[in-house]
Amino acid sequence: MGIDLSIIWFTIIVFATLMYIVMDGFDLGIGILFPFNKDATERDMMVNTVAPVWDGNETWLVLGGAALYGAFPLAYAVIVDALSIPLTLMLIGLIFRGVAFEFRFKATPEHRPFWDKAFIGGSIVAAFSQGVSVGTVLNGFEVTGRAYSGSTLSWLAPFPLFCGVGLVVAYALLGCTWLIMKTEGGLHRKMSDLAIPLTLALLAIIAIVSIWTPLSHHDIAQRWFTAPNIFWFLPVPLLVLACSWGIVRAAYNHASYGPFLLTLALVFLGFSGLGISIWPNIIPPSISIWQAASPPQSQGFMLVGGLLIIPVILAYTCWSYYVFRGKIKPDEGYH
């Protein structure tokens, strides 16, 4: 029995996507949290926590997109065609976020508020667009032959828009718990207090999505709620509740590392739920990873490069986070 290259590449794309959600999620979350903190010094501290690493975090987005293009060209064509508007908005948001990130440190006091607003707006638009894209994928795509045949506004529906709001809240919680881990004093206390309502809001959103999805899609309901799957998947919602309770408890006790680590676990569980809902389809509701795959020769050629570059990305990512470990103080910045 030969190696299934489609599963290998699907695993690589899932891993790259999860790494992007986690790493770019908390620095987008910092931009989303800016309106909750008007103190200029504390805003600088918030940005300084991610200043050395934020641009490297987006490497995973590039890797995931390139891998999807090469390994599953049909999926890439359908997704880009169906989601051209939200993906374009996401890129615009990321550009505004990146430019504002650099310019706000160099701006005069009169211009600093403009770049703060650009940082906030870019972060919210990018996060919302990503959530809308995820919700549209769950809803499924109309495909005729090997081309997308649905509307360019199919993403403009209640469920994708609600998912957009949900991802904004999830990124805000990631950013909040990241700041709990990286700061101390007044900012640490503010973020600890804010983490509790954000956790409860995210838990409510997860509950609504978990009910809405199977009610709207019979195939997803069958996958989750028929034996023996229901017994295998029952730990997922129980672990979500346990992680949420742990975040609230750790934030209430002003712990440093617990809230962020538990939020990572909560994000992983949410991502796992998404994977369970659509597997083995890469273009829901009916096109599997094998139907959308490129020829094995192409996947094998790409895999050689992937196995060389992915360890390098992991190594410099781990090294950069190791070098800039520890907490940020007002008089000690990275910029």
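Tutor: A nonpolar core is a set of buried Ala, Val, Leu, Ile, Met, Phe, Trp, Tyr and Cys residues joined through side-chain atoms within 4.5 Å. Here the largest one has 103 residues, and Leu-33, Phe-72, Phe-141, Tyr-171, Trp-178 and Ile-282 touch the most other members. Helix 1 (residues 5-33) gives the most to this core, 17 residues. Helices are DSSP runs of H or I, at least four residues, and strands are runs of E, at least two, numbered from the N terminus.

Tutor: Two notes on the source. This is a predicted model, where local features need pLDDT of at least 70, side-chain atom pairs count only at pLDDT 80 or more, and totals for chains, interfaces and linings use all residues. Residues are numbered from 1 along each chain as its sequence is written, and side-chain values use heavy atoms, leaving out hydrogens and water.

Student: Which residues does Ile-282 touch, not counting residues up to four places away in sequence?

Tutor: Contact means heavy atoms within 4.5 Å. Ile-282 has Phe-10, Leu-68, Phe-72 and Ser-288 among its contacts.

Student: Is Ser-288 buried or exposed?

Tutor: Buried means under 20% relative accessible area, exposed over 50%, partly exposed in between (1.4 Å probe, protein chains only). Ser-288, at 11%, is buried. You'll find Ser-288 in strand 4 (residues 287-288).

Student: How many disulfides are there?

Tutor: A disulfide is counted when two cysteine sulfur atoms lie within 2.5 Å. This structure holds zero. Take Cys-243: its sulfur is too far for a bond, because the closest cysteine sulfur, in Cys-176, is 16 Å away.
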